[in-house]
Amino acid sequence: MKLTIFKRLTFGYAAILLLVVFLVLYVTLKLNQLNGLSREIATVHVNRLTLTEHFLDKLFSQVSFEKKYLISGDSDFLKKFWDIQHQIIEDIRKLEALPNIEENKDLFNQIQTDYGQFLLLFRTEIEALQKNPGYPRLKFQQQKDNLVDQINQRLKQMIHISRLQRDEKINISSQISARVLQVTTITAALAILLGLLVSFYNTRGINRSIVRLQKMTREIAKGKFEKIDHITSPPEIKELSDDFNLMCERLRELDAMKKDFISHVSHTLRTPLTAMKEASRMLMEGTYADVPSKQNELLAITQKECERLIDSVNRILDLSRMEAKMMDYHLKQGLLFPVIQQTVLKLAPIAQGKKIDLELRPSPDLPAVKMDEERIAQVMENLIGNALKFSDAGGKVIIAASLKNQGQHWIEVCVADRGCGIPRENMGKIFDRFQRIDGGRKTPLGTGLGLSIAKHIIADHGGKIWVRSKPGQGSSFYFSLPVP
């Protein structure tokens, strides 16, 4: 029985997957073992070495202050001696908490005993000094030196043992790493070889279709987004050809979007740049050197066009960040109505200038929602601004907010106008970027980014945005936000 391409790939990749699973399990096991060894080296052997060496350094420092005190009688040296004693006791406590082999335990117990005798002998010597300055100092010194030498030798022996243990663990880790590398190399080579065999076996059976797809791909690279004809091949290849045709359609749409973007950049960015260039040229040439008011006008034009340019660039950057899921939102609990009200007040002068009635119909007692007030205000400003733009003088724009219950509480906001409406064929792409709808009126079309940005903002807040419209009867844009 002849295997289909799907079955060939399934069996071949199943074998590869088994190799990969074996490799993952093996490497995971060995990595856990290495991790345990590394943790033991870092937390036990290295700490023991560090604490033991620290103990040794502090011991000699303490002996130094002991001798200085006995010679000078300065109480500061005595205070330093007891301070170091506290540090050494702390090191002993930490060393005692670490796991030890029997040999280290014996040495450690002997060190503690010798150190206790050293301290006791020093206290006895201090009492003898205070009672009789002519006490047998050399006798005491000889006993202390013997104790210090014993402690020193045992500490060095502990350091030597700890280093041997550490080196042994490092050697074991190196051996495990070498084995892991060897097994990984062999398994990877087998997986690659098996993958090559599966690829060759399947490629030979579908070479003609692939060559045809390759030819059409080159045509696409030249900018010819033509669909491929029906391919009489196994179902997998037919599905591939269907996906290829879908890709061609999408590329055609992206090409049109690219042209819209170039048109947007050339129009939206070139105009303010040209205005700033001309204003700067006139200022530099001193065209209105004797008319300060005209110079101020040129500066005002430059500033206005700069702000316009920055706003356009920021819109593009915001949309890019939103599409990449990298937009930062400052979400907090707040009331939606004040945000809507502030936006209405902000745009009221524009409505008055166009003689459009701007009516706010909020529902009382709306609950708080979790939102970024600045971004929601941006959505409201865009929706209301569009409604004003596409409304005739004497028209009306209504902003309403209400609480909806659809299994969960939502606040629904509506911005409705009585303008030209949206053609039916454009309803599905009204929220796409660089989509600007021509309603058959002499109205500035804008950048085509506002509704796309609004869609991303509402979606990132966990809400939905949609539109209802009929040509010649106006449009109603809705968005909803969930109530926590």
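# Reading a sheet, its helices and its cores

User: How many strands form the open sheet, and in what order?

Analyst: The open sheet is formed by 5 strands in the order E2-E4-E5-E7-E6, with mixed pairing. Strands (E, at least two residues) and helices (H or I, at least four) are DSSP runs, numbered from the N terminus. Two strands pair if DSSP finds at least two bridges between them. This is a predicted model, in which local features need pLDDT of at least 70 and side-chain atom pairs count only at pLDDT 80 or more, while totals for chains, interfaces and linings use all residues. Residues are numbered from 1 along each chain as its sequence is written, and side-chain values use heavy atoms, with hydrogens and water left out.

User: Which strands stand at the edges?

Analyst: Strand E2 (357-362) and strand E6 (464-469) do; each has a single partner strand, so one side of each lacks a neighbour in the sheet. From one strand to the next, the twist averages 15°. E6 pairs with strand E7 (residues 475-482) in the antiparallel sense over 6 bridges. Trp466 stands opposite Tyr478 in E7.

User: How do I read the packing of helix H9 and helix H10?

Analyst: Axes are lines fitted to C-alpha atoms, for helices over the stretch in contact, and angles run from 0 to 180 degrees between N-to-C directions. Contact means heavy atoms within 4.5 Å. Here H9 (residues 373-389) and H10 (residues 450-460) pack at about 145°, their axes 9 Å apart. Residues in the contact include Ile376 and Val379 of H9 and Leu451 and Ile457 of H10.

User: Which helix lies across E2?

Analyst: Helix H8 (residues 336-353) lies across E2, strand E4 (396-405), strand E5 (409-417) and E7, and runs at about 170° to E2.

User: What is a nonpolar core, and which residues have the most contacts inside the largest one?

Analyst: In soluble globular proteins, nonpolar side chains tend to be buried together. A nonpolar core is a set of buried Ala, Val, Leu, Ile, Met, Phe, Trp, Tyr and Cys residues joined through side-chain atoms within 4.5 Å. Buried means under 20% relative accessible area, exposed over 50%, partly exposed in between (1.4 Å probe, protein chains only). The largest core has 44 residues, and Ile384, Ile399 and Phe479 have the most contacts inside it. H9 supplies its largest share, 7 residues. A second, separate core has 35 residues, among them Val63 and Ile151.

User: Where is Cys306?

Analyst: Cys306 is in helix H7 (residues 292-323). It counts as partly exposed because its relative accessibility is 31%.
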